[in-house]
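Take a look at the fold before reading on.

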Amino acid sequence: MIRHDYSRVDPKRRANIDHKKKQFAKAEFQQQNYEHRLNFYVLPPTLEITLEDFETWAINRLKVLSEIEACSFRNRSPEETAEYMKGILDKHLPLRSDSSRSASLQDERKKDHYSHFILRLAFSSTEDLRRRFSRLETMLFRLRFKSDDLVERQQFVKSLNLEWDEVKEDERRELKDELAAASGQKKGEEQEWFKVDWERVPELVEQRRVLLKRGKAYVPQREQMSLVVAEFTRKLDEALELTARALPRLDEDDRLAPILAHLSQSFTAPDAAYSTSDANIDGLSAITASSIDSLSQNFPLCMRNLHSNLRENSHLKHHGRLQYTLFLKGIGLSMDECLLFWRRSFKLMTDDKFQKEYKYNIRHSYGDVGGDANRRGRGYTPYSCQKILTEPLPGPGQTHGCPYRTFTPDNLLTMLQRVGVNERDVLKTVREDVGKQRYHVACNRVFEWSHKREIKKVRDEGSWGVADLDTIVHPNTYFKRSWLLKHLGEGNAGVVGGRGEKMEE
Ligand code: SF4
């Protein structure tokens, strides 16, 4: 499925096709025609795509899935989730209906199809990943099913050829009272019914929305969505098991392994590339060494923790310095001002020691010295939440990392209270979040609470789009969004969007 654009591929690993077989083989790898907007993902993709599309499409889908997961963690109702997800889907994984007559229908469906299979590959290795992937894909399918055009939806369901037995007239008459009781309908009301093995509709059985008889579940027509969704999940679970078994034998080339490993890591918190536009904040004048103290009010907890440790001890250990320097660089602090900031902060140290032991590393982070030719001039990229959340835990005396992960729950809550988060319900939910290792969800919860008035304002005014308020997965996004929200109406347009050139790590 990957186009071999690069000479790095070992020619011995390319498929060696017998020329006779090739001559008589059917042309299997044709472009699929996507007749329907919805997809059960039964047929794997066969066309070649570039490595870049492979990765970008998968990351786009991952963004969608992680936003769906964040909605469920935050107990958003199905209606709120649908409303919120609309903007996210339009941006990352649009999928229009036939009636839209869009010229890019086939491309959208292809991206949806391929990205599903790429993530299937990335998330089939462990039971936990499989379960999460299946749950989120099912939620995505349900969202789309609900929003599908009615006629197109019926055509799609018909195309599935699902083996549901229709309940014939005489049986319906015989079970009239029981069916009416099970569906909560009045006796006279006509309705189509299907019969399926009860294990195939566990959700309906659990909610007692069907009649169970002789091992069959009698499902009314209006519960069709549950039937289709249950079938989707069943097929996906089976396919994931098969993929897991096939994984060790996969003879993919070496380029895919790191991408797939990176994707599955992204389930901790989706990765986000730092964008240089994050450093351009309308209305924020040039940041200097002396402005960091006041700006730190808008920092996420990871950086506030480093800042307060620095102020308390006039020192930070290497990893903390690196994490903090890159963040400060990312908010737009120039190298000279950054050197000044550290020099003043290490006030117990002699100038000579600072010049000899610390200056070089700071200049190195900015790309002013060392590194290979590519990195020269740019330095290192500010760390994303994913990077901070997946690195080894800090040792004694070290203060880097994400406090939602590295602090004990009690210490975390004490710190949150110290920075003004004092609502009992929020603290309780944060404790639950971190107990379930949903660190970035806890961080977003705190952000939303701390900026609730401002978020309501921009929502009511419609001045910020849904994507401007999506889940934060980068400390620099946290800062930028926080600053803009706290300075609304002070001459800045207050819009977060606008991605600039990306800095590669
Ligand atoms: Fe920082 Fe991200 Fe942790 Fe929030 S979730 S504290 S932004 S690392």
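Predicted model: local features only at pLDDT ≥ 70, side-chain atom pairs only at ≥ 80, totals over all residues.

How many bridges join β3 to strand β4? Three, and the two strands, with β4 at residues 216-220, run antiparallel.

Residues are numbered from 1 along each chain as its sequence is written, and side-chain values use heavy atoms, with hydrogens and water left out.

**The sheet**

Zooming out, β3 and β4 belong to an open sheet of four strands, ordered β1-β2-β4-β3 with antiparallel pairing. (Strands are DSSP runs of E, at least two residues, and helices are runs of H or I, at least four, numbered from the N terminus; two strands pair if DSSP finds at least two bridges between them.) β1 (165-166) and β3 (211-213) sit at the edges with a single partner strand each, so one side of each has no neighbour in the sheet. Helix α8 (residues 176-183) packs on the sheet and touches β2 (193-197), β3 and β4, with contact meaning heavy atoms within 4.5 Å. The direction of α8 makes about 135 degrees with that of β3; axes are lines fitted to C-alpha atoms, for helices over the stretch in contact, and angles run from 0 to 180 degrees between N-to-C directions.

**The cavities**

There are six cavities of 30 Å³ or more. On a 1 Å grid over the protein atoms alone, a cavity is a set of points where a 1.4 Å probe fits but cannot get out, and lining residues have an atom within 4 Å of a point. A volume is the space filled by probe spheres set on the points, which are joined across faces, edges and corners. Here are two of them:

| Cavity | Volume | Lining by class |
|---|---|---|
| Largest | about 130 Å³ | 14 nonpolar, three polar, no charged residues |

Ala, Val, Leu, Ile, Met, Phe, Trp, Tyr, Cys and Pro count as nonpolar, Asp, Glu, Lys and Arg as charged, and the others, Gly among them, as polar.

Helix α22 (439-450) gives the most to the lining of the largest cavity, with four residues. It also supplies the largest share of the second largest cavity's lining, three residues. Among the residues lining that second cavity are Asn 444, Phe 447 and Arg 481.

**The cysteines**

UniProt (unreviewed entry) places a "binding site" feature at Cys 302, Cys 385, Cys 402 and Cys 443, though such annotations may be inferred rather than shown by experiment. The four are spread over 142 residues of sequence yet cluster in space, with a largest C-alpha distance of 10.1 Å. The lining of the largest cavity takes in Cys 302, Cys 385, Cys 402 and Cys 443. Cys 302 lies in helix α13.

Definitions and conventions: 1 Å grid on protein atoms, 1.4 Å probe; cavity = no way out; pocket = protein on both sides within 12 Å on 5 of 7 lines; lining within 4 Å.
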